[in-house]
Amino acid sequence: MPNINSMKSTGKSVEQLENKCALLEQQVVELNAKLSWYEEQYRLSQQRRFGSSSEQTHPQQLNIFNETEVEAAPGKTEPTIEKVTERLKKQTGKREAQLEDLPVETIEHTLPEAEQVCACCGDDLHEMSTEVRQEIKVIPAQVSVVKHVRHVYACRRCEREGTESTIVTAPMPAPPLPGSIASPSAMSYIMTQKYVDGLPLYRQEQQLARHGIDLSRQTMANWMVQGAERWLHPFYERMHEHLLQQDILHADETTLQVLQEPGRSAQSTSYMWLYRTGREGPAIVLYDYQTTRASKHPRQFLSGFKGYMHVDGYAGYNGMSGVTLVGCLAHARRKFDEALKALPAEQRKAPVAAQEGLDFCNQLFAIERELQDATPEERYKSRLEHSRPVLEAFSSWLKYQTPRVLPKSALGQAIAYCRNQWDKLSAFLKDGRLELDNNRGERSIKPFVIGRKNWLFSNTPKGAKASATIYSIIESAKVNGLNPYSYLVYLFEKLPNINITDPHALDELMPWSDSLPDTCRMDK
């Protein structure tokens, strides 16, 4: 007769072994998932370090769904051979066109009269033709002194007869900084060197020293701070008023280090916020320095604004009263692109899920490229007809894929981002003036990011605010087709000599104003 205790012991051992096997299998699954995640991160790290940063997709990969329907355009006529080959012809006269607006210095090369004799027969030579060679001449920055001499006039007759003497003083424009040697051109040059060309003040100090000018970086910093506070900030505030009158904006933010913020360590992270107008209305770009990334900052800066705002996935913009947030499909596309790059090389050309998600995004951008020159009304109707079906298919695909991917994998994060941001990502259907992405905002904040790599940090909050103001004027000038240096010179000449509390006087100087002289424009 079997031993009951022995059977119970054997059953318990089998159960323990089964539990142990189940536990080990679960650990293997978890370890494989972690290993896959680390492999993805390694491949992404290698891609960021050594690979191309381009996110372009090969034209043949634009669509794997409905390719015939998407690519077909019955209304279009086939291009002729002449039209195709016309684009391949080399442009002629491009160099001459680039040089035609530059001042010309002509140097004549002739033979001395004594040598204008034929070596064969001794008769006089005559000029048969000329040969012309063109070259550009670059003159480094030159420094000179401008001396303002104001003449004062009096009446001699009044002086002789002892009556009240009349004294008349010739008018003279007010300087940007009284008591300083700073001129509009000097201040503008220093600002554009730093905020357009990314040249820190210490390098400008060395550059000026090579020209024999002893101008310390502290003096240049004072010029920029005082110029920004006294003249450019009221101008900035008026631009802010114009910005709030628009109903479509873009927003973005990036980090900034400010060394001497009260109550904070030098290693603390501050932020530069970016707000700009959309594709319609005056082109305005404004920066706003703040100590944190808290949601209260956009709420305060955009107080009174009602309309649409293009943003990325940052939650700090959520819940703004009267504001409809429009998401960035470029961010969504970038995540699927990273998920594809995170795969082993042999899988990237296969029809994997990451490629399918990327293709949905590519279809939407391909439709948008066709609507580039359309009116807002035409764009709105075409999006409902063509983009909305793609979005509906994309949404169904996201729901289908969600339980089938690891949440922490690159593909899982891309899918989660799209689902969490779906209302924002599909908001562009509401108005034909809206855009699929926030690239306009990212392009405007990029000059600050690039400049920051050169000058690294701001020393004080006052300097950070001045930088925000100057960047705003410069970037607004650039998007309006102005030469930043020439425009700043014009402002520093005009602002000290007008009533800066008069909004109409400031409007005459705005970057989009038709009253600006041609010397401020890039093509002049």
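**Ground rules.** I am working from a predicted model, in which local features need pLDDT of at least 70 and side-chain atom pairs count only at pLDDT 80 or more, while totals for chains, interfaces and linings use all residues. Residues are numbered from 1 along each chain as its sequence is written, and side-chain values use heavy atoms, with hydrogens and water left out.

**Salt bridges.** I took a salt bridge to be a side-chain nitrogen of Lys or Arg within 4 Å of a carboxyl oxygen of Asp or Glu, and by this rule I have 16 of them. For helices I used DSSP runs of H or I with at least four residues, and for strands runs of E with at least two, numbered from the N terminus. I call a residue buried under 20% relative accessible area, exposed over 50%, and partly exposed in between (1.4 Å probe, protein chains only).

I looked up Glu 161 and Arg 157, whose closest N and O atoms are 3.1 Å apart; both residues are exposed, and they are separated by about one helical turn because they sit four residues apart in helix H5 (residues 156-161).

I then went to Glu 205 and Arg 217, which meet in a salt bridge at 2.8 Å, N to O. Glu 205 lies in helix H7 (residues 201-210) and Arg 217 in helix H8 (residues 217-244), so this pair ties together parts twelve residues apart in sequence. Arg 217 counts as partly exposed, at 38% relative accessibility.

For Lys 478 and Glu 475 I noted 3.1 Å between the closest N and O atoms, with the two residues three apart in helix H16 (residues 461-479). Lys 478 is partly exposed at 35% relative accessibility, whereas Glu 475 is buried at 5%. I also recorded that Arg 238, Glu 241 and Asp 507 are joined into one network by salt bridges that share partners.

**Surface patch.** I found Leu 102, Ile 136 and Val 138 forming a nonpolar patch with about 330 Å² of accessible area together (patch residues have over 30% relative accessible area and no salt bridge, like charges being joined within 9 Å and nonpolar side chains, Val, Leu, Ile, Met, Phe, Trp and Tyr, within 5 Å; areas are by Shrake-Rupley with a 1.4 Å probe, only the protein chains shown counting as cover for residues). Leu 102 is in the loop between helix H4 (94-99) and strand S1 (152-154), and with 46% relative accessibility Leu 102 counts as partly exposed.
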